[in-house]
Amino acid sequence: MSPVSPSDKAGAGGEDHQPEPRVGAAPEDPPTFRPYHHPAAGWGAARSVSRVLMRDRELVDGPRAIMRMNHENGGFDCPGCAWPDDIKGLHLDICENGIKHVTWEMTRKRVGREFFAAHSVTELSRWSDFALEDQGRLTEPMVYDPASDHYVPIRWKDAFELFGRTVRELDDPNQAAYYTSGRLGNEATFLYQLMARELGTNNLPDCSNMCHEASGRALQAALGTGKGTADLKDWEAADALFIMGVNAASNAPRMLTALADAYRRGAQIVHINPLVEGAATRTIVPHEFTDMALMKSTRTSTLNLQPRIGGDMALLRGMAKAVFAHSGSDPKALDSEFIDRHTTGFEEYRALCEATPWAQIEEQCGLSRADILKAAQVYRDADRSIFSWCLGVTQHEHGVDTVREIVNLLLLRGNLGREGAGPSPVRGHSNVQGNRTCGIDHRPTDVFLDRLAAACGIQPPRAHGLDTVRTIEAMHRGDVKVFVGMGGNFAMAAPDTPYTFAGLRGCDLTVQVSTKLNRSHLVHGRQALILPCLGRTEKDHQAGGVQSTSVEDSMSMVHLSVGMKRPASPHLLSEPAIVAGLARAALPDSATAWEWYVEDYDRVRDTMAQVLDGFEDFNRRVRLPLGFRIKQPARELVFLTESGRAEFSAAPLPDVRPAPGTLVLGTLRSHDQWNTTIYSDDDRYRGIRNLRTLVFMNRDDMRERGLAEFDPVDIVSTAKDGTTRRLDGYLAIPYDIPRGCAAGYMPEMNVLCAIGDHSTQSDQPIMKHLKVTIDRHARTEAAR
């Protein structure tokens with residue numbers, strides 16, 4: 001298979017329609033679409049795992065990793081999603097996609113100086129993203145040589161000095177930005193933000209700026225905490241689970257166990273999503289061996305509702321309206337005692353719900369009143385309810401308002417501060433929540449900065465820094481000259497791909513800390529460094545012995561992770577060691593004991609315990625079985641809001657209907673994908689093989705445009721400022737999605753989201769609410 005992209009696959013951006021390199025693997029077989037009717041996970045997952053282990057020749061280390069992944073007391077944390085680990089000692093607390101992620105990291109392939117000598121950056125830029133990562137693990141630090149257009153080896157000391165000299169020569173510390181992906185462990189995270197703030201900036205953009213920023217801001221405003229309050233024990237006790245805007249079978253597959261358990265004990269499970277995804281049907285949980293042998297599936301849903309894209313808030317408003325209407329005849333419909341004692345803004349919210357006509361609610365959510373009342377009935381009948389959501393809720397202009405509407409509904413029946421109830425956002429990457437907890441925040445609180453100053457002896461800056469979107473804009477203006485990417489693939493994860501590329505290329509220096517080659521190494525500044533780091537599966541040897549790192553899951557549990565394998569190269573450094581090396585080079589006179597911290601991560605944790613609320617006695621508690629849960633004041637009905645109470649919101653419903661002739665398009669991931677990492681061009685649960693350059697459409701919308709299955713189409717998005725962006729030659733797939741809606745894969749479709757198309761509430765790119773037209777491909781139409 002050639003790594004070079006075919007030039008006629010897809011055009012992106014600009015009037016010249018120059019194609020970008022493809023993302024996926026460019027399979028040789030033709031694409032197929034056959035709706036998937038099998039249970040989620042089960043034998044489909046087992047066959048997939050077997051193929052992965054054989055393809056990557058990990059028939060020994062792969063099974064070893066499976067038996068160590070997500071295990072307490074000496075196991076390593078899956079570098080995939082942030083779903084919490086089992087609390088009952090399950091020995092196979094794993095999933096298909098976690099195994100893919102681990103074997104992808106454990107590959108025997110290597111990318112060293114010989115590889116870079118053989119391939120110029122210009123050549124590599126034509127390779128697919130799949131081909132780049134498939135070359136294997138990076139083995140030594142590299143620096144870009146503009147004279148030859150190749151990366152060449154550089155000593156760690158010299159790499160650190162290049163960074164340090166460049167940063168010291170900046171006119172203003174705010175001319176640098178320090179990005180974090182959700183993979184970085186807590187100890188490295190803490191040192192990273194400490195370095196940035198000692199240098200004098202709060203420019204700490206992170207992947208959460210693009211994913212769950214809306215959740216954090218909404219929960220902070222409503223409850224005084226930026227996190228969910230429910231944990232796995234609550235999931236086990238809930239009478240009703242409402243799962244919104246998440247494809248759990250692919251993005252948090254271990255949730256399937258919780259859903260199957262809930263169904264078996266008689267709980268109601270309501271899935272709310274424009275697409276009926278794999279987790280919303282039935283499953284065979286692979287570690288339930290009897291069910292696997294008998295091919296006995298368990299339902300994972302009792303009700304599926306498909307609102308239009310962006311219609312979740314209207315659905316929630318309708319449910320609340322129904323609860324209020326029922327309260328006239330049922331005094332238990334509302335928890336009046338809870339509302340009186342613990343909330344504010346109730347009467348305003350009641351008046352708003354009662355004044356919102358049903359016709360408006362139905363029109364905005366795209367569901368009938370009867371369907372909305374079904375969901376409301378489930379909520380009223382349940383004594384304890386949990387609402388869980390992901391990016392299908394947050395990546396909209398009104399994402400904050402929607403999450404606050406979730407909280408409103410929970411407050412009406414006192415579903416907070418008691419077992420089996422509460423908000424439960426589904427975080428993405430394995431430590432994205434820990435990153436924010438440990439200081440990666442461009443808007444830090446004064447309380448945090450005061451404690452950081454006292455514990456670390458620095459004077460951190462007080463002005464807010466730049467988030468992801470603002471960082472890209474600042475790179476374009478020339479205001480950010482140095483960009484450091486701590487993990488991830490920023491160039492492909494961000495919106496408005498050509499605009500992001502141009503911003504990165506305008507920097508004086510880009511630094512990427514990575515395990516594998518990716519697009520962000522090729523879209524670089526005038527100077528560029530690739531700094532290879534240890535993977536989560538690898539042993540971290542320091543002066544104090546083999547080290548462990550900690551992570552925080554979606555439900556605020558903090559636990560240790562210890563690698564099991566010999567590092568892919570003797571030249572790799574751990575992330576804390578890389579941060580310390582960068583910091584010392586940039587701050588040669590710093591009193592911070594960077595090298596001392598790296599010798600023993602317990603020392604980092606001791607300092608973290610002084611700074612971070614809830615991390616008291618960190619080193620002892622993190623070594624407890626299962627670790628510890630960070631205290632959640634809102635769970636104890638202590639609300640750190642201005643009023644000291646949980647606060648109802650009263651936001652008007654947004655108009656989410658597409659204009660005539662247009663559709664609303666949301667981006668999503670395939671099953672064989674983790675964030676920007678693509679494992680293949682297949683998407684099993686959606687019935688797709690050998691294809692990523694597609695768009696899912698409602699059959700009636702296709703018929704209206706004269707389109708048949710696999711017809712090539714051109715997709716044009718219109719931004720808030722009226723500018724347009726396009727993708728040409730994508731293939732139309734008829735799918736069960738509401739009229740007026742469409743969907744396609746990121747990162748290919750990130751090009752359609754203008755840099756200015758971000759929420760005014762959260763500053764998140766609105767990648768789930770792009771206004772597009774879709775028409776027959778121009779060349780196909782001309783041929784007719």
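**Entry 1: salt bridges**

How many salt bridges does the structure hold? I looked up the total and wrote down 60. I kept in mind that this is a predicted model. Then I picked out single pairs.

I began with Glu 140 and Arg 113. They form a salt bridge, and their closest N and O atoms are 2.7 Å apart. I checked where each partner sits. Glu 140 is in the loop between β5 (137-138) and β6 (142-145), while Arg 113 belongs to helix α4 (residues 113-118). The two are 27 residues apart, and the pair links distant parts of the chain.

Is Glu 140 buried or exposed? I found a relative accessibility of 11% for Glu 140, so I noted it as buried, the cut-off being under 20%. Arg 113 has 43% relative accessibility, so I put it down as partly exposed.

Next I looked at Glu 552 and Lys 227. This salt bridge has its closest N and O atoms 2.8 Å apart. Glu 552 lies in strand β22, and Lys 227 lies in the loop between α9 (213-223) and α10 (232-237). The pair therefore ties together parts of the chain that are 325 residues apart in sequence. I noted both Glu 552 and Lys 227 as buried.

My next pair was Asp 700 and Arg 703. Their side chains meet in a salt bridge at 2.5 Å, N to O. Why are they separated by about one helical turn? Because Asp 700 and Arg 703 are three residues apart in helix α31 (residues 699-704). I found Asp 700 partly exposed, because its relative accessibility is 36%. Arg 703 is exposed, with a relative accessible area of 56%.

I also found a network. Salt bridges link Asp 206, Glu 213, Arg 217, Arg 436, Arg 470 and Asp 763.

**Entry 2: a histidine**

I turned to His 442. I found it in the loop between α21 (432-437) and α22 (446-456). His 442 has 4% relative accessibility, so it counts as buried. What does His 442 touch, leaving out residues up to four places away in sequence? My list includes Asn 202, Leu 204, Asn 209, His 464 and Asp 467. Glu 213 and Arg 217 are also among the residues that His 442 touches.

**Entry 3: a lysine without a salt bridge**

I looked up Lys 768. It lies in the loop between β33 (741-745) and β34 (770-776). Lys 768 is buried, yet it has no salt bridge. Which side chain of opposite charge is nearest to Lys 768? I found Glu 277, 9.1 Å away. A salt bridge needs the atoms within 4 Å.

What I did find is a polar contact. The side chain of Lys 768 makes it with the side chain of Gln 395, at 2.9 Å. Leaving aside neighbours within four places in sequence, Lys 768 is in contact with residues including Ile 309, Leu 391, His 396, Val 664 and Thr 667.

I followed strand β23 (residues 557-561). Five of its five residues are buried. Met 557, His 559 and Ser 561 point one way, and Val 558 and Leu 560 point the other way.

How do β22 and β23 run? I noted them as antiparallel, with four bridges joining strand β22 (residues 549-552) to β23. Ser 550 stands opposite Leu 560 in β23. The hairpin of β22 and β23 has four residues between the strands. There, Ser 556 takes a positive phi near 70°.

I then looked at β24 (residues 628-629). β23 and β24 pair in the antiparallel sense over two bridges. Arg 629 in β24 is the bridge partner of Met 557.

**Entry 4: strand β16**

I checked both faces of strand β16 (residues 422-425). Gly 422 and Ser 424 are on one side, Pro 423 and Pro 425 are on the other, and all are buried. Four bridges join strand β15 (residues 385-389) to β16, and these strands run parallel. Ile 386 stands opposite Gly 422.

**Entry 5: confidence**

I finished with pLDDT. The chain averages 92, and 94% of the residues score at least 70. Where does pLDDT stay under 50? I found this over residues 1-19. Where pLDDT is low, the predicted coordinates should not be read in detail.

Note on methods: Residues are numbered from 1 along each chain as its sequence is written. This is a predicted model: local features need pLDDT of at least 70, side-chain atom pairs count only at pLDDT 80 or more; totals for chains, interfaces and linings use all residues. Side-chain values use heavy atoms; hydrogens and water are left out. Buried means under 20% relative accessible area, exposed over 50%, partly exposed in between (1.4 Å probe, protein chains only). Lys and Arg count as positive and Asp and Glu as negative; His and the chain ends are not counted. A polar contact is a pair of N or O atoms within 3.5 Å; within protein, one must be able to donate a hydrogen and the other to accept it, and residues adjacent in sequence count only if both atoms are side-chain atoms. Contact means heavy atoms within 4.5 Å. pLDDT is the predictor's confidence in each residue, from 0 to 100. Two strands pair if DSSP finds at least two bridges between them.
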